[in-house]
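I opened the notebook to record what I looked up. The entries follow in the order I made them.

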Amino acid sequence: MRPERAEALRPTARRAIVEAAIGLWSVNPGATLHDVAVRAGVGRATLHRHFQGRDALLAEVARTCIDEMRAAVGAVVGPGASARERLRGMFEAVIPLGDRYSFLQRESVADEEAVAGYRAQLDWVAALVADLKTEGDIAADVPSAWVVGQIDQLVWTAWNETARGRVAAADAASLAVRTLLEGLGERT
């Protein structure tokens with residue numbers, strides 16, 4: 001295999017660092033840059049060639065997470081779909097990206113682009129909640145912030161339970177929708 005072909009098959013050092021940071025910081029926000037470098041399989045000098053410090057890497061990780069989530073939701077949630085269909089599509093797209101979602105929920109990032117992207121995601125979810133209320137799937141008297149919080153928790157729970165093998169990935173979105181819109185009681 002030609003050397004340039006072998007390089008094309010391996011992730012770049014920058015991408016490896018970002019993935020390592022996501023993997024570590026989604027479960028241990030206190031992980032150090034040294035920990036990230038070790039997990040990425042690069043030296044500290046390589047990490048610092050790509051990122052001047054923790055804040056720069058945090059900003060890149062946040063932008064990456066936002067971009068990946070936006071692309072995933074955009075790929076499965078089409079225009080004209082009902083609010084319930086958009087909710088299910090959002091869960092289907094976001095649950096496999098739970099580590100990214102968890103990172104964004106936990107970290108405070110000062111990067112303007114990342115903050116704007118995160119706000120846009122929250123606005124999208126808030127609009128979805130408003131549509132769920134309008135379509136009668138959620139009672140109008142339930143505070144929207146409460147519903148958004150429940151969606152956040154359901155994403156995390158579904159990701160965590162599928163990652164641990166306790167819930168089949170194919171069932172996670174349906175369970176999340178059912179939990180949010182119908183509760184956990186017996187179906188009648």
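I count a residue as buried under 20% relative accessible area, exposed over 50%, and partly exposed in between (1.4 Å probe, protein chains only). The model is predicted: local features need pLDDT of at least 70, side-chain atom pairs count only at pLDDT 80 or more, and totals for chains, interfaces and linings use all residues. Residues are numbered from 1 along each chain as its sequence is written, and side-chain values use heavy atoms, with hydrogens and water left out.

Entry on Glu 161. I found Glu 161 in helix H9 (residues 144-163); helices are DSSP runs (H or I, at least four residues), numbered from the N terminus. Glu 161 has a relative accessible area of 19%, so I noted this residue as buried. Setting aside neighbours within four places in sequence, I listed Arg 166 and Val 167 as its contacts (heavy atoms within 4.5 Å).

Entry on two helices. I looked up how helix H2 (residues 13-25) packs with H5: the angle is about 85 degrees and the axes are 10 Å apart. Axes are lines fitted to C-alpha atoms over the stretch in contact, and angles run from 0 to 180 degrees between N-to-C directions. H2 is therefore roughly perpendicular to H5 (65 to 115 degrees). On the H2 side I noted residues including Ile 17, Ile 22 and Trp 25, and on the H5 side residues including Leu 57, Leu 58 and Val 61. The contact of H2 with H5 has 9 nonpolar, 1 polar and 6 charged residues. Ala, Val, Leu, Ile, Met, Phe, Trp, Tyr, Cys and Pro count as nonpolar, Asp, Glu, Lys and Arg as charged, and the others, Gly among them, as polar.

Note on methods: Angles under 35 degrees count as roughly parallel, over 145 as roughly antiparallel, 65 to 115 as roughly perpendicular and the rest as oblique.
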